[in-house]
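Take a first look at the fold shown here. The text below it walks through the structure step by step.

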Amino acid sequence: MKMKYSKAIFYHYTDFQALDGILHQAQLRVNNVLNMNDAAEMRHFMSRLCSAVVKKLKKDGEMEHAEAVQYLFQEELKKEFFYSAYAACFSLYRDDAAQWERYGNRGRGVCIAFRGEILQKMAEGDLSLHTVFYQDDMTEHKLTEVFYQLVKSGTELTEENMDIKNAMSQAWIRSVVYKHPSFSSEHEVRLVVYPYEKEYFDVKPCYHVTTERIKKYYPLDLMHMCQKTGVELEDLVTEIIIGPESTQSPSILQDYLQDHGLHKLAGAVSLSDCPLRRSPL
């Protein structure tokens, strides 16, 4: 069932470099979810799905099949990087202390508000928009029953078997929208693409190089996405909130927006009301 976001506003907490990329270069980056703050990203769903299938088989006394399923998933998890999804992340929470701390450069960054209804219209073809679920027990998930029935039907539990391969592919796709319950306060929504699965995904990857590491990302052309949807960039972005610990001058940010032709947005700049206290260095 497709979620409806007609009245929702999605908040993207980030830094000022990313703000420039989104508003000046009209580029929204989707980053590898394996580099995000949940160390068990994607793996969480796969391991819990495995546990649910194994539990169901053991209940039937199918100990040998349960062990075979465990081995199958252990081998599948070794392919984690190949199945990596890329996402841009948003929260349903405005001016939230935890979001500022985790994603908004420890309160020194900025929060960009996006209209959910427009983002949903943009999420077509290779892109999809998902609400994140925070769940540990996958007993009732439909894929648990899919794997269980495959085992019970005598399907050969090998990576080469097409039924198993298709089920695993679906599992990896679902894994990107499940996180550990300890992250439930984020109320996250994700704009997702699966480069490994999209035969016609023609966005070329880019690499962000820092002094510590290299990150891979895909730049989405926001201007093109807006044109296809029949809106302007200023229709998509509704507000810009300067972080509670930022030294950014609102007037200079407004000048920046005006000089880049974003006149409506210049009037939508606000300061955070969050009483976030900077951690001592």
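This is a predicted model: local features need pLDDT of at least 70, side-chain atom pairs count only at pLDDT 80 or more; totals for chains, interfaces and linings use all residues.

Start with the open spaces. The largest pocket has a volume of about 1400 Å³. Its lining is made up of 42 residues. Nearest its centre are Thr-14, Asp-15, Asn-31, Tyr-103 and Lys-215. By residue type, the lining of the largest pocket holds twelve nonpolar, 17 polar and 13 charged residues.

The second largest pocket has a volume of about 350 Å³. It is lined by 16 residues. Closest to its centre are Glu-124, Leu-127, His-224, Met-225 and Lys-228. Two or more lining residues come from each of helix 5 (116–122), strand 10 and helix 8 (222–229). Helix 8 gives the largest share, four residues. Here the lining divides into seven nonpolar, three polar and six charged residues.

Now turn to the interior. In soluble globular proteins, nonpolar side chains tend to be buried together. The largest nonpolar core in this model has 43 residues. Leu-23, Leu-119, Leu-191, Leu-236 and Leu-257 have the most contacts inside it. Take Leu-191 as a way in. What does Leu-191 touch, leaving aside its neighbours within four places in sequence? Its partners include Leu-28, Val-30, Tyr-86, Ala-87, Ala-88 and Phe-90. Leu-119, Ala-123, Leu-127, Ser-128, Leu-129 and Leu-220 are also in contact with Leu-191. Another core, of 34 residues, lies apart from the largest one. Met-138, Tyr-148, Val-176 and Val-192 are among its members.

Two single residues come next. Thr-144 sits in helix 6 (residues 142–152). Is Thr-144 buried or exposed? Its relative accessible area is 1%, so Thr-144 is buried. Beyond its neighbours within four places in sequence, Thr-144 is in contact with Leu-49, Ala-52, Val-53, Met-138 and Thr-139.

Cys-274 is found in the segment after strand 12 (269–271). Cys-274 counts as buried because its relative accessibility is 11%, and the cut-off for buried is under 20%. Again leaving aside neighbours within four places in sequence, Cys-274 is in contact with Asp-95, Ala-97, Trp-100 and Pro-244. Phe-133 is 141 residues away from Cys-274 along the chain. The C-alpha atoms of Cys-274 and Phe-133 are separated by 26 Å.

The structure holds 16 salt bridges. One of them joins Glu-41 and Arg-190, with the closest N and O atoms 3.0 Å apart. This pair links distant parts of the chain, 149 residues apart. Glu-41 is in the loop between strand 2 and helix 2 (43–59), and Arg-190 is in strand 8. Where do the two side chains stand on accessibility? Glu-41 is buried, at a relative accessible area of 1%. Arg-190 counts as buried too, at 0% relative accessibility.

Lys-228 and Glu-124 form another salt bridge, and their closest N and O atoms are 3.0 Å apart. Lys-228 lies in helix 8 and Glu-124 in the loop between helix 5 and strand 5 (128–131), so the pair ties together parts that are 104 residues apart in sequence. Lys-228 counts as exposed, at 55% relative accessibility. Glu-124 counts as partly exposed, at 43%. Both residues were named above, among those closest to the centre of the second largest pocket.

A further salt bridge brings together the side chains of Asp-235 and Lys-264, at 3.4 Å from N to O. Asp-235 belongs to helix 9 (residues 233–236) and Lys-264 to helix 11 (residues 263–266). They are 29 residues apart. Asp-235 counts as partly exposed, at 25% relative accessibility, whereas Lys-264 counts as exposed, at 53%. Finally, some salt bridges share partners. They join Glu-41, Arg-102, Lys-179, Glu-186, Glu-188 and Arg-190 into one network.

How values were computed: Residues are numbered from 1 along each chain as its sequence is written. Side-chain values use heavy atoms; hydrogens and water are left out. On a 1 Å grid over the protein atoms alone, a cavity is a set of points where a 1.4 Å probe fits but cannot get out, and a pocket is an open set with protein on both sides within 12 Å along at least five of seven lines; lining residues have an atom within 4 Å of a point. Grid points are joined across faces, edges and corners, and a volume is the space filled by probe spheres set on the points. Ala, Val, Leu, Ile, Met, Phe, Trp, Tyr, Cys and Pro count as nonpolar, Asp, Glu, Lys and Arg as charged, and the others, Gly among them, as polar. A nonpolar core is a set of buried Ala, Val, Leu, Ile, Met, Phe, Trp, Tyr and Cys residues joined through side-chain atoms within 4.5 Å. Buried means under 20% relative accessible area, exposed over 50%, partly exposed in between (1.4 Å probe, protein chains only). Contact means heavy atoms within 4.5 Å. A salt bridge is a side-chain nitrogen of Lys or Arg within 4 Å of a carboxyl oxygen of Asp or Glu.
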